[in-house]
Amino acid sequence: MLLEELQEEMREWEQERFPNRTQLHRGLVLSEETGEAAHHIIKRYDGPRIPEDNTAGLRDAVGDIGIILLIICEDEGWSFEEILKETWEQVKHRRRYEHE
């Protein structure tokens, strides 16, 4: 399945289940999911004395972030794939020291 097809399917899913969601709500959900991803990353480094495999939690948070981003793009009429390509074209030519 192409990214564009996923984007459309996810937007339809959201409209069926959460018909009153706005971009504000999506932004808050995105923030929540980003916090969950950060939580799982922090646990890898500052977690309990007995290491815990939190890969599943991190993968879930990353997947949720992707879904929200695709839905935001679909709602705005943007192609997530195009945005990724455009941004990558800019980022890949940056030198390391430009952002330190």
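**Fold and charged residues**

Analyst: Read along the sequence, the protein chain follows the pattern α-α-α-α. Please note that this is a predicted model.

User: How many helices and strands are there in the protein chain?

Analyst: The chain has four helices and zero strands.

User: And what share of the residues is buried?

Analyst: Of the 100 residues in the protein chain, 22% are buried.

User: On to charges. How many salt bridges does the count come to?

Analyst: The count comes to eight salt bridges. One of them pairs R11 with D75, whose closest N and O atoms are 2.6 Å apart. This pair links distant parts of the chain, since R11 is in helix 1 and D75 is in helix 3 (residues 55–76), 64 residues apart.

User: Is R11 buried or exposed? And D75, buried or partly exposed?

Analyst: R11 has a relative accessible area of 14%, so it counts as buried. D75 has a relative accessible area of 33% and is therefore partly exposed.

User: What does R26 form a salt bridge with?

Analyst: R26 forms a salt bridge with E14, and the closest N and O atoms are 2.9 Å apart. R26 lies in helix 2 (residues 23–46) and E14 in helix 1, so the pair ties together parts that are 12 residues apart in sequence. Both R26 and E14 are buried; for E14, the relative accessible area is 1%.

User: What about E89?

Analyst: E89 forms a salt bridge with K92, with the closest N and O atoms 3.0 Å apart. E89 is partly exposed because its relative accessibility is 42%, and K92 is partly exposed at 39%.

User: Which residues do salt bridges with shared partners join into one network?

Analyst: That network consists of R11, E14, R21, R26 and D75.

User: Changing topic: which residues form the negative surface patch?

Analyst: The patch is formed by E4, E5, E8, E9, E12, E82 and E86. Helix 1 (3–17) and helix 4 (80–91) each supply at least two of its residues. Helix 1 gives the most, with five residues.

User: Where does E9 lie, and how accessible is E9?

Analyst: E9 lies in helix 1. Its relative accessibility is 42%, so E9 counts as partly exposed.

User: Last one: how far apart are E81 and E4?

Analyst: They are 77 residues apart in sequence, while their C-alpha atoms are 7.1 Å apart in space. E81 lies in helix 4 and is partly exposed, at 33% relative accessibility.

Conventions
Residues are numbered from 1 along each chain as its sequence is written. This is a predicted model: local features need pLDDT of at least 70, side-chain atom pairs count only at pLDDT 80 or more; totals for chains, interfaces and linings use all residues. Side-chain values use heavy atoms; hydrogens and water are left out. Patches are made of residues with over 30% relative accessible area and no salt bridge: like charges are joined within 9 Å, nonpolar side chains (Val, Leu, Ile, Met, Phe, Trp, Tyr) within 5 Å. Accessible areas come from the Shrake-Rupley method with a 1.4 Å probe; for residues, only the protein chains shown count as cover. A salt bridge is a side-chain nitrogen of Lys or Arg within 4 Å of a carboxyl oxygen of Asp or Glu. Lys and Arg count as positive and Asp and Glu as negative; His and the chain ends are not counted. The place of a charge is taken as NZ of Lys, CZ of Arg, CG of Asp or CD of Glu. Buried means under 20% relative accessible area, exposed over 50%, partly exposed in between (1.4 Å probe, protein chains only).
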